[in-house]
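Notebook open. I want to go through this fold piece by piece and write down what I find.

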Amino acid sequence: MLNSTLKQLSVLLAQKKLSSVELTQSCLDRVARLDPGLNAFVTIDAERSLAQARAADASIASGKAQPLTGIPLAHKDIFCAAGWRTTCGSKMLANFVSPYDAHVVEQLNAAGAVILGKTNMDEFAMGSSSETCFWGPVKNPWDRGRVPGGSSGGSAVAVAARMAPAAIGTDTGGSIRQPAAFSGICGLKPTYGVVSRYGMIAFASSLDQGGPMAKSAEDLALMLNVMAGFDARDSTSLARPTEDYTRMLDAPTEADRAKPLAGLRIGVPKEYFGDGLGSDVAAAVEAALVQFEKLGAKRVAVNLPNSGLSVPAYYVIAPAEASSNLSRFDGVRYGYRAAEYSDLADMYAKSRAQGFGAEVKRRILIGTYVLSHGYYDAYYLKAQKIRRLIAQDFVEAFKRCDLIMGPTAPSVAFGLGSMSADPVQMYLNDIYTTAANLAGLPAMSIPCGFGEGSMPVGLHLAGNYFAEARMLQVAHQYQLATDWHLRQPAGVA
Amino acid sequence: MSLTLPEVKRVAWLARIEITDAEAAAAQGHLNGIFKLIEQMQSVDTEGVEPMAHGQDVVQRLREDRVTETDRHVIYQAIAPQVEDGLYLVPRVIE
């Protein structure tokens, strides 16, 4: 059952071979046993979860089951869930019990899924290692001395350690894809606007997207079917005809079953394979590309000449938007308020100084500076222009290819504490992922092999706007021919 | 671009985050490192390039001017640090 797909679990539930209560309880038992050594979960509320599971069993019994009914899912602690403590990995919200559900949470609940628990994360989603969490660092189940990636590290570990069959996370600069890569699972960031941000605690509003994290492309598609869709409460939510993201999974692009990906043009940017990329990661990615060729795809060399500017532009835009979004945390209406202060200004200053961790404060300071009088043009506006150049590079590249592939991260998961001295060193981890957020393009990471220290390596796929179904098909066909996505870490049996 | 210590403190004040001298000195080093990263942006010519805020060519959606929200202040204020008679309490501002 540990490696069961969402579809397999759904069949077991429908055939009454398993109840949602049994499945949920078994996940809760695994959390109780494994999580003390991993720290993936912030909040477990067995009573709430089991109540949802009982309701799901009733639904199944009366023939009203949907694909996710009865399935326990781990939720990154950035999604507001009514009645659940929602901390965003921060002391600032350590005792915040959300009075409402995020849109995505409403959708999953309505589909009959069960909230297994709230997962640990870099504070306010600012990080690439899940080490800045107020609740302590998350450990990688493949090697507990290493990070699982971030900021959705808890969700990645919940799936990697088979504590939950799937999870939800958010991705602003790579925070679904990079932990998926480091933890050996699959993660997808949809096209900007496809998943509503209502109730997803805001980090950088023009970049944030919620998305699924699971063991296979097929599972990602089933989750995306429930998560995607228009929501009037998110002013950037896109109104589009409903899509079934599973519709292309099994369809070969041409009739030849032996070459299901015949006709697929895979763009490989030379900029992604320069200095700074670990040879172990490069080798695993190259092997994946060879496998795609065996399935009928063709490689096309493409150029993304401005890709080197993704990280600088991101580290202007994201902190700027964060400084605005986090100004709501002032100790007045919710969240942490300092115990002692002299006046209102002091209450703000102390509540924020005490409630926020060091990395969050750093980014707020950067953001405040680049938006301040005299610097807005040189920094924020300049970054938004570079953003346009980066997006244009992709538009050009997609004239000559269907998908762009490369590594998700320059290395495998690094050691806990190994990057704490220099924030910039940590930021450079985002080198392959930030461009998709800046351009608003859909992107995903799937396991493609192992590297240094027998740690998982992730393959990154980027598609044109709204190409999710095609990307999922390509990944699914790869997963029918390979088994990287079925590997699980030792010690989680 | 390099921040001086007074500039770090001024930015902290703008952000309404209290910062001690020691913290400002530590922050200064980290912030200047980040600015070195950001400076790479200046290497590219963006003359005539339109800033991009959004991947899709969309405009802000408007809605009908109708009341759609209900009064949920009791639920929202249940989690407030200090509340009285539907008002959030803060230190006196006006003498």
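This is a predicted model: local features need pLDDT of at least 70, side-chain atom pairs count only at pLDDT 80 or more; totals for chains, interfaces and linings use all residues.

Entry: I checked burial next. Helix 9 of chain A is mostly covered, with 14 of its 16 residues buried. Then I looked up the largest nonpolar core, which holds 180 residues. The members that touch the most others are Leu73(A), Val159(A), Ala164(A), Met213(A), Val316(A) and Leu461(A). Helix 9, residues 310-325, gives this core its largest share, 9 residues. I noted the general rule beside this: in soluble globular proteins, nonpolar side chains tend to be buried together.

**Entry: Val159(A).** I listed the contacts of Val159(A), leaving out residues up to four places away in sequence. Val159(A) touches Ala164(A), Ala166(A), Ala167(A), Ile185(A), Met213(A), Ala214(A) and Lys215(A).

**Entry: strand 6.** I moved on to strand 6 of chain A, residues 209-214. Is this strand mostly covered or mostly open? Covered: 6 of its 6 residues are buried. I then traced its partners. Strand 4 (residues 166-171) runs antiparallel to strand 6, joined by 6 bridges. Asp171(A) stands opposite Gln209(A) there. Strand 5 (residues 186-189) also pairs with strand 6 in the antiparallel sense, over 2 bridges. Here Cys186(A) faces Ala214(A) as its opposite residue.

**Entry: the whole sheet.** I wrote out the strand order in chain A as 1-3-2-4-6-5-10-11-9-7-8. The sheet is open, has 11 strands and shows mixed pairing. Which strands stand at the edges? Strand 1 (41-43) and strand 8 (298-302) do; each has a single partner strand, so one side of each is left without a neighbour in the sheet. Neighbouring strands are turned by 35° against each other on average, direction ignored.

Entry: Strand 2 (residues 72-76) pairs with strand 4 in the parallel sense over 3 bridges. I found Ala166(A) in strand 4 as the bridge partner of Leu73(A). Helix 15 (residues 468-481) packs on the sheet, touching strand 9 (403-407), strand 10 (443-450) and strand 11 (456-463). The direction of helix 15 makes about 145° with that of strand 11. Helix 3 (residues 46-61) lies across strand 2 and strand 3 (114-119), running at about 155° to strand 3.

How values were computed:
Residues are numbered from 1 along each chain as its sequence is written. Chains are lettered from A and ligands numbered from 1 in the order in which they are written. A nonpolar core is a set of buried Ala, Val, Leu, Ile, Met, Phe, Trp, Tyr and Cys residues joined through C-beta atoms within 7 Å. A residue is buried if 20 or more other C-beta atoms lie within 10 Å of its own, exposed if 12 or fewer, and partly exposed in between; C-beta atoms are placed from the backbone. Helices (H or I, at least four residues) and strands (E, at least two) are DSSP runs, numbered from the N terminus. Two residues are in contact if their C-beta atoms, placed from the backbone, lie within 7 Å. Two strands pair if DSSP finds at least two bridges between them. Axes are lines fitted to C-alpha atoms, for helices over the stretch in contact, and angles run from 0 to 180 degrees between N-to-C directions.
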